[in-house]
Amino acid sequence: MATESEDVLILGGGVIGLSCALFLLQAGRSVRILEKGRVGAATSHGNCGTITPSHAPPLAAPGMIGKALKYMAQADAPFYIKPSTDLSLLDWLLRFSLRCNEKDHRRDALAKATLLNASRRLLQSTIESHGIDCQFRSSGVMYVCKSPQRLDELGAELPLLKECGVSAEVLDGPALALREPALLPGMAGGVFFPDDAHFRPDAYCAELERLVRRLGGVIEEGCEVLSLRAQGDRIVTVETSCGMRSAPQILVALASWSPALVKDVGLALPIQPGKGYSITYTLPAIVPKTPLVLTERSVCVTAWQDGYRLGSTMEFSGFDDTLNAKRLAALERGAHEYLHEPFGEEAKERWFGWRPMTYDDLPIIGPSPKHRNLFLATGHGMLGMSMSAITGQLLAELLTGREPSIDIAPFAPGRF
């Protein structure tokens, strides 16, 4: 028999679940997080830790379909779709392709920017007010272009980014070389986004866990969520590997695993797992002053006090759990083309994780259209860290009956 001991049951202990727990606890709600493994150890663990309002333009962009078709012949391409007969993936790709137009691209970018800009401010204030030790730095992010053509392409995106409230500084080759001595000579130029930031993502999640426990939140690790049981318009129980659980309100924050859980209660979430890779090293001798995005190779470079990471790539291959050596090697090859010291002497960790990708590249935030006590916080794609703070605040507002501080209509689960 399931018993209710907390107000809110949060399914998933990644950065989104932890953020929602923190804001709910601050709003006076009691919470219990259920996590299959260790909190913060899955998708939230190995990303590059950049906080990027500059990433407001969605992946579904004009011209992306042509690039995707070209990349299908390259197993180590930055954007790779593994040939498949999976009907859900094919449907997702069709819907994605239909959004690769100027009108949808602009609309989705503006909606995404609303979340990213608000979350950027809230994230820093949360870190400062709670004394969170995660090596946070408001140092901006530099996008580097080897070719004049790529620099021109990036420059063409700046009017939309300005409309999104994102500041940018364009640098030619000599100015870029002066600004960033870690780069090899001969770069065409770059674009600096001063309002971006970065932190160590595993440290941030560990600090969120500490705060949630300190504020009275309960975290059950090693507790896999198996299914939901609905009765009428309510979710009455959650079946887990540790027994039955229930609460007056249920929040699903299971990233790429959310669709499989809610399918049996009549919800269809168009989320595909987008596999990303990273390699973490000891610090090289020459460390970039700010995080870098090596644009032609789609490689992100981030350095902290105690580590250095190459990451990125997007692979649609379902839940393939192999650590693809070709794609890891592509990160290192890409870094070699731009940097004097592309990586450190010792590789500490080689990692992959699945980002929850919606075809419109907008997260799914809000109440279930079919269940009055079920809420969703998933589908954040590559920007879970960047959007985590505002997602936590919005869910806390929704679950406590307050007016959301941001219009959630563009992110509503019922939009699909």
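Colleague: What are the ground rules?

Modeller: This is a predicted model, where local features need pLDDT of at least 70, side-chain atom pairs count only at pLDDT 80 or more, and totals for chains, interfaces and linings use all residues. Residues are numbered from 1 along each chain as its sequence is written, and side-chain values use heavy atoms, with hydrogens and water left out.

Colleague: Start with β16. How many of its residues are buried?

Modeller: Six of the six residues of β16 (residues 299-304) are buried, so the strand is largely enclosed by the rest of the structure. Buried means under 20% relative accessible area, exposed over 50%, and partly exposed in between, with a 1.4 Å probe and protein chains only. Strands here are DSSP runs of E with at least two residues, helices are runs of H or I with at least four, and both are numbered from the N terminus.

Colleague: Which residues of β16 point which way?

Modeller: Val299, Val301 and Ala303 point one way, while Cys300, Thr302 and Trp304 point the other.

Colleague: And which strands does β16 pair with?

Modeller: β15 (residues 292-294) pairs with β16 in the antiparallel sense over three bridges, and six bridges join β16 to β17, also antiparallel. Two strands pair if DSSP finds at least two bridges between them. Val293 is opposite Cys300 on one side, and Ala303 is opposite Tyr308 in β17 on the other.

Colleague: How many residues sit between the strands in those hairpins?

Modeller: Four in the hairpin of β15 and β16, where Ser298 takes a positive phi near 50°. The hairpin of β16 and β17 has two.

Colleague: Next, Gln135. Where does it lie, and is it buried or exposed?

Modeller: Gln135 is in the loop between α4 (102-130) and β5 (141-145). Its relative accessibility is 17%, so it counts as buried.

Colleague: What does its side chain reach?

Modeller: A polar atom of the Gln135 side chain lies 2.7 Å from the backbone nitrogen of Gln305. The side chains of Gln135 and Asp306 are joined by a polar contact of 3.1 Å. A polar contact is a pair of N or O atoms within 3.5 Å; within protein, one must be able to donate a hydrogen and the other to accept it, and residues adjacent in sequence count only if both atoms are side-chain atoms.

Colleague: Which residues does Gln135 touch?

Modeller: Not counting residues up to four places away in sequence, Gln135 touches His198, Phe199, Arg200, Trp304, Gln305 and Asp306. Contact means heavy atoms within 4.5 Å.

Colleague: Switching topic: what is the strand order in the three-stranded sheet?

Modeller: The order is β10-β11-β12 in an open sheet with antiparallel pairing. β10 (225-231) and β12 (243-245) are at the edges with a single partner strand each, so one side of each has no neighbour in the sheet. β11 (residues 234-240) pairs with β12 over three bridges, and Val238 stands opposite Arg245.

Colleague: Now the rings. How many aromatic pairs are there?

Modeller: The structure holds twelve aromatic pairs. In one of them, the ring centres of Trp92 and Phe316 are 5.0 Å apart and the planes are at 40°, so the pair is tilted. Rings of Phe, Tyr and Trp (its six-membered ring) pair if their centres lie within 6.5 Å; planes under 30 degrees apart count as stacked, over 60 as edge-to-face and the rest as tilted.

Colleague: Where do Trp92 and Phe316 sit?

Modeller: Trp92 is in helix α3 (residues 87-98) and Phe316 in strand β17 (residues 307-316), 224 residues apart, so the pair links distant parts of the chain. Trp92 counts as buried at 2% relative accessibility, and Phe316 counts as buried at 1%.

Colleague: Which residues form the aromatic cluster?

Modeller: Trp257, Tyr277, Phe319, Phe352 and Trp354 form one cluster.

Colleague: Last one: Pro410. What does it contact?

Modeller: Leaving aside neighbours within four places in sequence, Pro410 is in contact with Ala111, Leu362 and Arg415. Pro410 is in the segment after α11 and counts as partly exposed at 29% relative accessibility.
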